[in-house]
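Please walk through this model from its overall division down to the packing of individual helices.

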Amino acid sequence: MKSLVVYRVHRVSITILIACLLLGTILAGCAPAATPPAATGQPSADNKSAQATAFPVIPGTPRFKIATTTSLYDTGLWNYLEPMFEKKANVKLDIVYAGTGAALEYGKRGDVDALVVHDPEAEAKFIADGYGINRRSFAFNHFLIAGPAGDPAGIKGLPPEQAFKKIYEAGKADPTKVKFISRGDNSGTHSKEKLIWQAAGLKYEDVQKSGPWYVEAGKGMGPCLLMASEQGAYILADISTFLAYKGKVNVAPLIEQGDLFLNVYDVMAINPEKVKTAKMLPTANTFINWLMSDDVQNTIATYGVAEYGRPLFNPLKGGGCTEPGCPKLADYTVPVK
Amino acid sequence: MQELWQALVQAVNLIVSLDPEVIEISLRSLYISAASILIAALFCIPMGALIHFHDFKGKRVVINVIQTFYSLPTVVVGLFVFLFISRSGPFGGLELLFTPAAIIIGQVILIMPVLTGMAIGALSGVDKAIRDTAISSGASSTQAMRAILFEARFAVVGALILGFGRAISEVGAALMLGGNIRGYTRVLTTAISLETQRGELVLSLALGIILIGIAMVVSVIMNILLQRY
């Protein structure tokens with residue numbers, strides 16, 4: 001008798017479960033299912049099905065996704081540029097905040113349609129592997145080495161590679177006094193840091209393992225500056241993020257001159273022939289050309305002047321970048337097709 | 001510590017002034033977590049009932065496994081779902097990555113074990129005597145089950161509130177699956193994480209206070225509803 005009851009209860013609950021599964025599938029399904037996946041993969045067909053699912057979505061506006069380096073985000077430049085592009089191209093611009101390493105990975109997987117990055121070597125490899133196309137440059141700034149105003153390692157005014165050597169030695173000798181915060185996240189800044197260690201005649205692996213003075217943060221530029229400020233540590237930072245955080249952090253710029261300090265921001269599209277899921281090449285091209293346009297270049301030239309007394313980034317237009325390593329004229333003037 | 005007071009003032013300011021961006025982010029948080037808990041509840045409460053009312057071999061093991069998944073790390077769920085819905089993953093064609101729907105999927109998976117386990121616990125907590133009385137007084141098995149579910153309602157609603165809390169407070173899956181896109185997938189937790197990174201500590205704290213406020217309102221409403229019935 002009892003087992004019969006258990007059996008009946010069991011059957012009822014199975015019925016409920018199945019009903020719920022069905023209902024759940026319908027509920028969960030109707031949102032994405034209303035937008036059939038664009039199966040064609042034609043690069044020419046802009047992705048109108050990406051208007052996706054939920055609040056607050058304006059139906060019919062395609063979503064164009066980019067991954068951008070953290071410095072352009074932490075400085076607030078994207079907040080400023082985003083509505084300009086949305087209006088111009090009639091898309092929703094979705095900006096994902098990621099260091100260059102992560103951004104390139106999103107690109108390879110086709111999860112974004114364009115990249116804004118600043119790591120020339122990694123970019124060159126990305127393009128050589130066929131993932132990226134139509135690379136152009138649109139802005140530049142410089143790196144600097146900042147640290148506690150007391151400068152315990154005594155690096156002020158040295159060339160960057162010598163300064164790194166001194167920080168390394170002083171940090172190894174006394175990690176309580178001298179620390180260095182590394183981004184440690186495969187970002188463009190992290191790549192630049194590795195280059196400087198190399199120029200200082202040190203192997204990066206050795207630096208990494210040489211003791212507690214070397215702190216790998218694994219965070220964006222802004223958070224690392226805050227960390228350096230908390231710990232009284234040295235740090236390699238781009239000048240734009242440094243300026244934007246100046247009021248919030250207690251580290252002083254110690255070295256601002258150096259051949260290795262040039263930092264160029266590039267934009268590129270994901271190649272739909274290699275990454276079959278990238279579908280918005282035309283919009284990506286519009287985006288690239290828009291970043292090189294007078295409109296944006298003039299905006300970059302003035303962005304931050306009111307607040308910081310100088311622009312946070314330098315536009316390439318007008319040939320302001322003259323040092324070795326600057327992009328060629330064609331790289332920032334010839335529109336992509 | 002002065003920040004705490006400033007944050008409280010700013011939180012009140014943001015709410016009173018109906019700051020459009022904060023309202024939008026808060027509503028999105030609420031909407032995403034509510035959707036997650038509803039979908040998860042549809043699966044999990046019947047699932048819990050199924051496991052509770054049915055005696056089968058390995059039942060303890062199943063319950064143990066479910067309870068183990070209480071400690072599912074949010075970033076692992078995020079990564080797992082990411083690989084599935086990334087455009088080069090098996091469900092890439094649905095274009096789900098970096099959308100609110102992606103966050104909902106992640107959160108549903110995250111809270112399913114908690115909800116199922118808590119539902120089993122809730123039903124187990126009902127006095128066996130109630131079930132026996134119901135059956136011996138001639139109730140059908142359906143009626144008996146309804147009686148038990150009714151008796152378990154406080155614990156079930158408690159489970160729902162817990163699940164909602166886990167959903168609205170998690171940041172790992174929301175960040176990885178939503179991408180923290182302004183005006184689209186930015187929710188309270190990812191906004192707090194971003195503002196902290198930017199060094200806007202007071203604003204972050206204020207958003208945190210708003211999040212707690214939402215959780216409080218939800219729990220109070222649930223409890224009022226519960227007392228009515």
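Which domains does the domain assignment of chain A give? The model is a predicted one, and in it the assignment gives domain 1, made of residues 48-141 together with 262-333, and domain 2, made of residues 143-261. Taken over C-alpha atoms, the centres of domain 1 and domain 2 of chain A are separated by 27 Å.

The two domains of chain A also touch, with 22 residues of domain 1 in contact with 17 residues of domain 2. On the side of domain 1 of chain A that touches domain 2 of chain A, at least two residues each are supplied by α2 (70-74), α4 (100-109), α5 (120-128) and β9 (262-270) of chain A. Of the contributions to this side of domain 1, that of α2(A) is the most, with three residues.

Taken as a whole, chain A has 14 helices and 10 strands, and 46% of its 337 residues are buried. Among the contacts in chain A with a separation of 6 or more, 71% are accounted for by residues 24 or more positions apart.

One helix pair of chain A can be followed in detail. Helix α3 (residues 77-89) of chain A packs with helix α11 (residues 281-292) of chain A at an angle of about 125°, and their axes are 11 Å apart. Because of that angle, α3(A) is oblique to α11(A), and the crossing in which α3(A) passes α11(A) is right-handed. On the α3(A) side the residues are A:F85, A:K88 and A:A89, which meet A:T283, A:T286, A:F287 and A:W290 in α11(A). The residues of this contact of α3(A) with α11(A) comprise four nonpolar, two polar and one charged.

The crossing of α2(B) and α8(B) is right-handed. From α2(B), the residues B:S29, B:S33, B:S36, B:I37, B:A40, B:A41 and B:I45 meet B:V156, B:L160, B:G163, B:F164, B:A167 and B:I168 in α8(B). Nine residues of the contact of α2(B) with α8(B) are nonpolar and four are polar, with no charged residue.

Note on methods
Residues numbered from 1 in each chain as written. Chains lettered and ligands numbered in written order. Predicted model: local features only at pLDDT ≥ 70, side-chain atom pairs only at ≥ 80, totals over all residues. Axes fitted to C-alpha atoms, helices over the stretch in contact; angles between N-to-C directions. Helix = DSSP H or I, 4+ residues; strand = E, 2+ residues; numbered from the N terminus. Parallel < 35°, antiparallel > 145°, perpendicular 65-115°, else oblique. Left-handed = near helix turned anticlockwise from the far one by under 90°. Contact = placed C-beta atoms within 7 Å. Nonpolar A, V, L, I, M, F, W, Y, C, P; charged D, E, K, R; others polar. Buried ≥ 20, exposed ≤ 12 C-beta atoms within 10 Å, placed from the backbone. Domains from an automatic or database assignment.
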